[in-house]
Protein chains: 2
Amino acid sequence: MKKVNEIQHFLQEQQVDAAFITTPDNVFYLSGFASEPHERLLGVMVFKEAEPFVICPLMEVPDVKAVGWSYEVVGHEDTEDAWEVVLSTVKKREVPLNSIAIEKSHLTVERLERMDEIFDKVQFTNLDDQLNRMRVIKDEEELNNLRKAAELADYAVEVGCREIAEGKTELEILMAIEFEMKKKGVQKMAFDTMVLSGPKTASPHGIPGDRKVQKGDFILFDLGVVYNGYCSDITRTVAFGEPSDEQRKIYETVKLAEQTAVDKVRPGIQAKELDKAARDVISDAGYGEYFTHRLGHGLGISVHEYPSVTGTNDLVLEEGMVFTIEPGIYNPDVTGVRIEDDVVVTADGVEVLTKFPKELKIIEA
Amino acid sequence: MKKVNEIQHFLQEQQVDAAFITTPDNVFYLSGFASEPHERLLGVMVFKEAEPFVICPLMEVPDVKAVGWSYEVVGHEDTEDAWEVVLSTVKKREVPLNSIAIEKSHLTVERLERMDEIFDKVQFTNLDDQLNRMRVIKDEEELNNLRKAAELADYAVEVGCREIAEGKTELEILMAIEFEMKKKGVQKMAFDTMVLSGPKTASPHGIPGDRKVQKGDFILFDLGVVYNGYCSDITRTVAFGEPSDEQRKIYETVKLAEQTAVDKVRPGIQAKELDKAARDVISDAGYGEYFTHRLGHGLGISVHEYPSVTGTNDLVLEEGMVFTIEPGIYNPDVTGVRIEDDVVVTADGVEVLTKFPKELKIIEA
C-alpha cells in the first residue's frame, strides 16, 4: 500500500481532501487489482485523513481482497447507482470534502458532472501530474517485471524468425508466436501483434493478413507481452533472402539512428534531444520525410504512457524512467524498417531491456 | 456517409453548430475508419452547415481516404498541437461556432478543458443520446456483420469442445480456438477469450490458466470475434464426463432462464422485463443469490454497448436492437454455469444470432 500512502501524502501536502482514481491502470498501480470494468464503476478513493477504499462491481469484491488490498472494499450491484454507493461510503468517513483530485486526462465529462452533482460544492483539481510523476519512475520490483516482459518479447521475435518460410502468411507466423507465448505463461499480449511483410512494412500501423512472405521481403515484427501487469514493446525488421543495396542502406540508417539515440540516454538530458539525435541521422541519410512519427513513448503498466519522446518534449530524464526508442523509415517504393528497444535510464546511463540482436538478420529463402 | 448526414440533420434540428466525435468506435461508425490512436487525437467534426472533416495522426491520412471517407482529412504531426490544427481547420469553414455537441460519456475532462480554451465562449451539449439512438438500431449491413461474427463464435465453441481432453490446460484449449479463428481470417477477438474449468467456472471474470481439465469439470467458454468491425459474444458451458445431479440442476436452471428471456424478446417490451424473467427462474430454483450480474448488454461495434439489460432499465425494445442474454449461476461449492446468446429484436419477435446448441453437452472423459 506504499503507493496509496504516497497519494495520501500528496493530498496532505496540497491540502486536497481526497483523490478519486478510476482508470484501470492507475487502479492497478495503487491497489494491485487488475480489471477492465467496461462501463461499470471501479475506483480507488484516497483521503487526506481517512481510510481509503476501493469501489468495484459486487462480484469482484473477493478478487480485490485476494490481491492484498487491506483497506475497505465496497461492492455495487448492476441495479444500484454506483455513485450513491460512493457517496454513502464517503459520508461514513465523516471528514470534510471540499476538494477532490481527479484524473483529468481520463475521467469522462459525464463522470465529472455526476461527481459535481453528488458532492455538493466540491472543487476538482488535477491528479494527472502527480500520478505521472509517480508512475514514470519505476521501482526495482517494476523494473524486474519490465525486464521479464522484455525477455519474453525477445524470445517472441526469435520464434517469429524461426517461423519465416516461403509460402507462410503473416497471420500464420503471428499465431505461432502467440501460441509459444501462451505456452510460456503469457496471458496477454501488450497490444495486437504485428507481423508485416514486403510492401506492408512501409505502413507504420499495418494489419497482418493473408499475405505470404516472399524472397526479397523485409519482415517487421512489432510485439510485446504483459508480465505481472507490465508491458514490453519490441520491433525488429529482418530480411528474407538477400536484401537490395537500397534496403540495406535503409536498414543501416535506422539501426544507426536507433543506436545513436540509445547511446545518448542518461539522467539530465532532455527527451527531445533523443528524438533529434535519431532524426538527424535519418535526415542526413536523405530519408527525413519517411520518418513520420515520434521517437518513442513511456512504457510500464500501459504500453503507451507518459512521457512521450518527441522533438518538442523538454522533459529532463531521471533515473528509473522507462521508454521506447523506435525510429523508422517508411519508403513505400523500397521497404519500411523500424527498430525498437525498451530502455531504462540508470544512474549513469542506460540499460537496454530488449536484447534481440540488431545486426541485419538475413533469413535464408 | 449516411451516418454523418444523420448527425448533420440532428445538429440542424437541435440548432447546434457542430459535433466533435473522438471515441474510436464512433469515429469508425461515422467514417468507416477503424483505428486506436492511443493518446493521439483522432476525431470527426460535423457541422450544421459546412463540410465535415476527420482529424488524425499524419501517418493515417491515406488510410482514412482509403476506407472511402469523401470529405476533408486533416493530419497532425506528433510535434504539433493537434487542437491548434482543429482550430485552424474549423476557422476555414467560416461558420459561426457557439455550440458543440460532445460525447460526454467518453470525452475526457482534459479534452473538454482544451476545447473550452480554443473555442471562445462555446456551449457544450451532449451528443451521447443521439449516438446511442443511432447505434442501437442496426441496419441490414450491420446485422449481416453481426450474423457472420456470431457464426464464427459458434464455430469457435465447436473447436473448443473438440479440443477438450484429459490433461489439456485451459490455455491450450484457448490457443487452439484462437488459432483456428485466425485461419478463418479473424483478425481480432472481441475480448480476451475465456476458457474456465472446474471450480474456476464459478468466477464470472476468471482468467484462463494452466489448470488441466479433469473428469467431472464443467468447462465454460466465453468468447467472441470481430468481423468487419462488429462483435459477437457467446457463452456455452459443457460437461467433461458425467455431471452430478446438482451440476445438472444448475445447468438446466440457467438454460431455462436463458430461454425464457429469449422467448420474451419482441418490440414493445422493456429491457428490465427480460432481466426479471430470467432472474425469476433462477430465484425460484433457489439460486437467486448466485446470479450476481445483469442479464446482458448491447452488442455491435463495441462488445459492451448501449443498452444495458438490467432489472432497472425500462427502455422499450425496438426492431433492430441487438444485445446479449446471459444469465449465470456461480455456486462455488458446485459449479458455475453461464449461457449467452446474441439476439436481434425483429418486427415480430427475436432472431437468435448464436446457434450453438444449448442442450447440456457431455464430452466423454
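Reader: Which residues are linked with A:Asp81 in a network of salt bridges?

Author: A:Asp81, A:Glu84, A:Arg114 and A:Glu117 are joined in such a network, a salt bridge being a side-chain nitrogen of Lys or Arg within 4 Å of a carboxyl oxygen of Asp or Glu. This is a predicted model, in which local features need pLDDT of at least 70 and side-chain atom pairs count only at pLDDT 80 or more, while totals for chains, interfaces and linings use all residues. Residues are numbered from 1 along each chain as its sequence is written, chains are lettered from A and ligands numbered from 1 in the order in which they are written, and side-chain values use heavy atoms, with hydrogens and water left out.

Reader: How many salt bridges does a search of the whole structure find?

Author: Side chains of opposite charge can pair when their charged atoms come close. Over all chains, the search finds 56 salt bridges. One of them pairs B:Glu117 with B:Arg114 at 3.3 Å, N to O; these two residues lie 3 apart in helix α5 (residues 109-118) of chain B, and are therefore separated by about one helical turn.

Reader: Are A:Arg236 and A:Asp341 buried or exposed?

Author: Both are buried, where buried means under 20% relative accessible area, exposed over 50%, and partly exposed in between (1.4 Å probe, protein chains only). A:Arg236 forms a salt bridge with A:Asp341, with the closest N and O atoms 2.9 Å apart. Because A:Arg236 belongs to strand β11 (residues 234-240) of chain A and A:Asp341 to strand β17 (residues 341-346) of chain A, the pair ties together parts that are 105 residues apart in sequence; helices (H or I, at least four residues) and strands (E, at least two) are DSSP runs, numbered from the N terminus.

Reader: Which residues have the most contacts inside the largest nonpolar core?

Author: In soluble globular proteins, nonpolar side chains tend to be buried together. A nonpolar core is a set of buried Ala, Val, Leu, Ile, Met, Phe, Trp, Tyr and Cys residues joined through side-chain atoms within 4.5 Å. The largest here has 56 residues, and A:Phe221 and B:Phe221 have the most contacts inside it. Apart from this core lies another, of 38 residues, including A:Ile7 and A:Leu127.
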